[in-house]
Amino acid sequence: MDPTTTESPSPTTPAAASADAGRPAIIEVEDLDFYYGENRALDGVSLAIPSHQVTALIGPSGCGKSTLLRCFNRMNDLIEGAERTRGTVRIRGVDIFGPEVNVMELRKRVGMVFQKTNPFPNSIYENITFGLQLQGVRSKTRLDEAVERSLRAAALWDEVKDRLHESGLSLSGGQQQRLCIARAIAVEPEIILMDEPCSALDPVATARVEELIHKLKQEFTIVIVTHNMQQAARCSDRTAFLYLGKLIEYADTQTIFINPSDSQTEAYVSGRFG
Amino acid sequence: MATPAEQFRRQSTAIQRREKVIVFFLRASAWIILLAGATVLGTIAWKGAGTLLQPNFPFINITFLAEAPQTLHVFELDGETVEMSDQDFREFRAKLAEEAAASGESAIVPDSTSYVYAAGGIFPNIVGTLLLVAGSMSIALGLGIATAIYLSEYARQGSTVRFIRLAILNLAGVPSVVFGLFGFGMFVLFFGWNVSLIAGWFTLAFMVLPVVITASEEALRAVPQGFREGALALGATRWQTIRRAVIPHALPGILTSSILGIARVAGETAPIMFTAAFIMRDKLPWEVDRWFDFFFQGVMALPYHIYVVSSKIPQNEYSARVQFGTALVFVLLVAVIASASLFLRHRIRARQRW
Ligand SMILES: Nc1ncnc2c1ncn2[C@@H]1O[C@H](COP(=O)(O)OP(=O)(O)OP(=O)(O)O)[C@@H](O)[C@H]1O
Ligand SMILES: [Mg+2]
């Protein structure tokens with residue numbers, strides 16, 4: 001991307017919230033407020049996430065990155081007292097908080113990879129087929145196919161193809177995280193959400209996952225939460241900076257890192273606070 | 001001033017001496033407990049072995065394990081003391097009478113002293129106890145796991161659930177005889193099940209339910225939240241998540257703690273005394289006319305038998321034999337069931353680990 005882009009982002013205005021020119025927005029967040037009981041975690045967040053791009057959510061601890069991410073597949077529904085009080089999230093134009101939305105179907109289309117690697121303590125094969133079996137897929141050939149396809153997509157196939165029936169927990173941390181990515185890919189989602197997927201990994205494993213993220217955007221839309229500025233700079237196309245539940249600035253990653261328009265953003269990305 | 005070397009060599013301080021005394025008491029109490037345990041088990045093993053084992057082949061007293069209790073007859077014959085079970089004694093008398101008739105003399109039947117339940121074995125009691133354990137544990141595990149799943153996975157964690165938990169916990173403290181009384185009033189009289197297996201099953205199940213529920217909830221809580229999130233994020237429903245990503249991993253924990261329940265169910269006398277146990281029954285449990293009669297028959301049971309032969313009949317060396325023989329079989333049986341469950345748990349654990 002051209003760093004001397006003429007696009008002039010003015011933060012939190014609808015102009016900045018619109019997606020990258022030329023790419024249709026797949027997730028549109030409008031004026032979203034989110035509460036944990038009395039505690040406000042998101043405050044009037046609006047942004048549009050383009051499809052087939054990597055969008056990074058950055059910001060200091062507790063600013064609401066995970067909360068926002070978990071709104072996209074409604075994982076927050078599980079937390080008692082957690083409530084969206086205002087605003088909408090539309091995915092492909094459908095309001096996902098709408099009454100006719102089937103949350104299970106939503107989560108099949110919006111996969112998630114967690115900060116703490118969480119493969120099931122079953123075999124690698126069973127980990128990958130878990131999602132398909134939920135959908136009632138029994139055909140051995142289809143399952144075998146999905147396993148190979150997902151593991152290849154997650155760049156894990158060559159390492160595990162001879163030990164598909166060993167426990168997923170026998171893998172290294174980085175491999176486990178890629179297994180979790182493969183598990184998410186297996187149900188063929190459109191969007192993959194990643195909440196600090198590399199925070200528990202060593203630099204080599206991190207590099208591999210980043211490489212993978214880069215490759216995956218051909219096929220999926222990726223939203224990634226990260227604390228690692230270099231990581232956001234390296235592997236994302238768009239970056240959103242949140243602070244105290246508010247979206248401070250959202251623009252091309254280059255712009256955010258090289259020429260941010262907000263002083264708080266600048267302070268954060270240059271490591272002066274957060 | 002002392003040099004460093006001298007400082008380190010210094011003799012024990014008051015604090016160290018006090019520590020020694022404390023350690024002595026800790027160790028002493030551990031040994032006392034060990035001694036008490038060894039004495040109890042040793043007595044049962046020693047006295048019970050006299051009944052259960054025998055000096056000649058096959059070394060185990062098969063009769064004791066495979067027959068029903070009988071009355072023992074003891075009498076003098078040609079200057080020797082002879083012990084005969086009721087059945088043998090009848091045959092013996094019949095033979096004497098026959099011989100006497102053949103020779104035309106009147107039969108001389110020896111004077112015998114009889115001791116109830118001192119002959120034969122405890123086979124029906126073993127069967128009864130196994131049936132009671134199997135049935136009540138099935139009911140308790142079914143109801144208990146279901147309740148635990150509801151309480152910890154579905155119910156809103158508010159004051160209602162806290163109150164229910166407290167109630168369950170208190171239920172665990174209710175004496176077993178109270179459960180017996182409850183079962184008698186509820187199942188035996190009100191439901192009209194009479195003294196029966198099924199009444200005993202439910203009474204015992206209610207008694208161990210608190211243990212099973214508490215243990216199951218703990219085991220469910222021990223399953224990492226990440227498994228649930230992982231499954232839900234793949235589009236699983238709540239129940240699919242619980243069935244496929246939670247229960248399989250909670251099961252070893254649930255089984256482990258239900259081992260305690262098994263020992264309790266097998267061992268308690270009070271709850272079955274008024275609900276399921278017969279002092280003596282000629283028929284074995286499977287000797288029923290219609291299949292559903294099976295559930296509505298009383299059974300003999302090991303703990304109740306110990307109680308009966310220890311308090312309801314005259315005490316003497318013969319009753320002591322049955323008491324300790326039964327106790328030994330009982331202890332071994334519980335040990336076998338517990339080891340089997342441990343083995344089962346180990347098998348499940350070996351397959352799945354996190
Ligand atoms: N389950 C919860 N219950 C109550 N409050 C919560 C819960 N989860 C998060 N919060 C609160 O919501 C706010 C935003 O949390 P969130 O987890 O989204 O932050 P984050 O940006 O992901 O932080 P981090 O970088 O540390 O992961 C915080 O103030 C946090 O205390
Ligand atoms: Mg977070």
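Residues count from 1 along each chain as its sequence is written, and chains are lettered from A in the order in which they are written. Since the model is predicted, local features need pLDDT of at least 70, side-chain atom pairs count only at pLDDT 80 or more, and totals for chains, interfaces and linings use all residues, while side-chain values use heavy atoms, with hydrogens and water left out.

**View 1. Where chain B meets chain A.** Here 22 residues of chain B are in contact with 24 residues of chain A (heavy atoms within 4.5 Å). The pair buries about 2000 Å², 61% of it from carbon and sulfur atoms (accessible area, 1.4 Å probe, lost on being put together and summed over both parts). On the chain B side, A233(B), L234(B) and R244(B) lose the most area, together 34% of what that side buries.

**View 2. A salt bridge across the interface.** The rule turns up one salt bridge between the chains (a Lys or Arg side-chain nitrogen within 4 Å of an Asp or Glu carboxyl oxygen). E229(B) pairs with R70(A), with their closest N and O atoms 3.2 Å apart. Helix 9 (225-233) and helix 10 (238-267) of chain B each give two or more residues to the side touching chain A (helices are DSSP runs of H or I, at least four residues; strands are E, at least two). The largest share, seven residues, is from helix 9.

**View 3. The largest pocket.** This one has a volume of about 570 Å³ (a pocket is an open set with protein on both sides within 12 Å along at least five of seven lines). Of its 22 lining residues, L78(A), S152(B), E153(B), Q225(B) and R238(B) are closest to the centre.

**View 4. The second largest pocket.** Its volume is about 450 Å³. Among the 25 lining residues, N61(B), L72(B), A118(B), A119(B) and G120(B) are closest to the centre. Strand 3 of chain B gives the most to the lining, with four residues.

Technical notes:
Buried area = accessible area lost by both parts, 1.4 Å probe. 1 Å grid on protein atoms, 1.4 Å probe; cavity = no way out; pocket = protein on both sides within 12 Å on 5 of 7 lines; lining within 4 Å. Points joined across faces, edges and corners; volume = space filled by probe spheres on them.
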